[in-house]
Amino acid sequence: MRILSAASECAPFIKTGGLADVVSALPVALAAEGAEMRVLLPAYPALAGLAAKGETALSLRKLHGGPARVVAARAEGLDLLLLDAPHLFDRPGNPYLAPDGKDWPDNHLRFGALSAIAAKIAREGVGDWRPDVLHAHDWQAGLVPAYLKLGAGASPPSLITIHNIAFQGVFPADVLTLLDLPKSAFTIGGVEYYGNVSFLKAGLVYADRITTVSPTYARELTAPEFGMGLEGVIAARRTDVRGILNGVDLDVWNPETDKALVETYSAGKPKNRRGNRAALAERFGLDLKKDTPLFCVISRLTRQKGLDLLLECLPRLLGRGARLAVLGSGDKDLESAFAAAAKAHPGRIGVVIGYDEALSHLLQGGSDVIVIPSRFEPCGLTQLYGLRYGCLPLVGRTGGLADTVIDANEAAIADGVATGFQFAPIAAAPLGDAIDRACDAYANRTIWKSMMRRAMRSDVGWDRSAAAYYALYQELTGMRPEDRAEEETR
Ligand code: ADP
């Protein structure tokens, strides 16, 4: 099975969010399933060196105003196809934003070009490599399914994954002609979106299957409060929509080997977390005793993440004698509110404003609870790291948070299956109740230890998700399981 993945980000080369992690993890996880995935990416400056050394697989005299080529390269264990078009992609910094912080004015051409080339490779292949399936990610590759369905001749089946529906790639109607798409597609059943063209909608309409990054988010997306204007389109395709959870990199996030920790530990020996706790007390200036629960936050500070609700619950949290360590950056009002809380409660609340990868590992390795009160969360990664590190997640019951954390209700505790705390609806009072429940559970060492062990043994790797994607590719190509067995023995 050969799959062409088309995306605008891929870790570690270019990353603004979770999309990049998924795009780079999937080919590796799929290789274990016997599938071969190549990733088509724009050759941004971060990839220009690779593009210069790689092998030209395709040349075009003109692509939206300049020459372009596709270069095959291998790096970080990935087979890459780099769209080298300097007039479109040789721009430093954020892949979507100009230095003035606004979208590049030609983003429709830049990602239209990426989509057109992905469709060309999907149909014609490069060299003797021809994909069986096209997998597009987010709005930047949203036009690929449209080019495949609306163009002449045979094309492979396609699927699109929604990582973040908040970004939809909406442009004025006249871009349709510039992008060589037929005017007939400008209808409500096509790419038209309230008088404009939406790249994401194009993907959702023309792809053979749609996935998003958790089963609950897949259901939520058909409701107006989550679908952000595309709920009707998704509801109409309901039978073709699937939710497949993201996994985490089990080597990077491994408490037994993690170099960012002061002390490594395992599910069998969680006691060693003590050293990390002590390091956190020092770093965040916290007065921490053995029986004081330590809550943490590692997050972008935005409305999505619901941390304004945690601010409301601080009196309750402190009233229980708990402590809070916050690592985050984002909206200035949230940054200042947390900084002010730390100032008002020295020794009890500690705040670091900024992005610090190593400190995020230490927080997972030394705190007792990670609080994630998101209003919506397509999948979420920090709760998965929390499970793996025995830092029990306390989460809003939404999206991937609902699918990955088992709430410590009485039955779950009795059955020994609880791994964290969920609350609903997403509001301050239910969050406060969940904080109380977490403090109660923490006070019972038998319950807490059993929850930690269970959490640390949760399956948060990529294997299951890769198998689910593989099954979907098979469904799309009509490949039977026995064909796959044959392919594996070859
Ligand atoms: P989102 O992609 O919506 O921000 P996720 O939970 O899917 O949320 O992923 C967030 C990622 O960013 C996680 O890997 C988390 O550890 C990391 N992260 C967020 N804020 C910080 C920070 N201030 N410092 C270090 N890592 C952070």
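Begin with the protein chain as a whole: of its 490 residues, 57% are buried, buried meaning under 20% relative accessible area with a 1.4 Å probe and protein chains only. The model is predicted, so local features need pLDDT of at least 70 and side-chain atom pairs count only at pLDDT 80 or more, while totals for chains, interfaces and linings use all residues. Residues are numbered from 1 along each chain as its sequence is written, and side-chain values use heavy atoms, without hydrogens and water.

Colour the chain by secondary structure. It contains 21 helices and 18 strands, taken as DSSP runs numbered from the N terminus (helices: H or I, at least four residues; strands: E, at least two). The radius of gyration, computed over C-alpha atoms, is 24 Å, close to the 23 Å that the globule rule (2.2 Å times the number of residues to the power 0.38) gives for 490 residues, so the chain is as compact as a globular protein of that length.

The ligand is surrounded by 16 residues, the closest being Arg 300, Lys 305, Gly 354, Asp 356 and Leu 381. Display the backbone of Gly 354: one of its N or O atoms lies 2.8 Å from a ligand nitrogen atom. At Thr 382, a backbone N or O atom is 3.5 Å from an oxygen atom of the ligand, and at Tyr 385 a polar side-chain atom is 3.5 Å from a ligand oxygen atom. The ligand taken alone exposes 570 Å², of which the protein buries 88%; these areas come from the Shrake-Rupley method with a 1.4 Å probe, and for residues only the protein chains shown count as cover.

Now highlight the elements that give two or more residues to this shell: strands E13 (294-301) and E14 (323-330), and helices H14 (357-366) and H15 (382-389). E13 gives the most, with three residues.

Move to helix H11 (residues 273-283), whose buried residues include Arg 273, Asn 276, Arg 277 and Leu 280. The buried residues of H11 pack against E13, H14, H15, helix H18 (428-443) and helix H19 (445-456). Gly 285 follows H11 and has a positive phi, near 65 degrees.

Finally, select Cys 379, in the loop between strand E16 (369-372) and H15. Cys 379 is buried, with a relative accessible area of 3%. Leaving aside residues up to four places away in sequence, Cys 379 touches Val 213, Ser 214, Leu 245, Asn 246, Gly 400 and Leu 401, contact meaning heavy atoms within 4.5 Å.

Methods: A residue is near a molecule or strand if one of its heavy atoms lies within 4 Å of it. A polar contact is a pair of N or O atoms within 3.5 Å; within protein, one must be able to donate a hydrogen and the other to accept it, and residues adjacent in sequence count only if both atoms are side-chain atoms. Buried means under 20% relative accessible area, exposed over 50%, partly exposed in between (1.4 Å probe, protein chains only).
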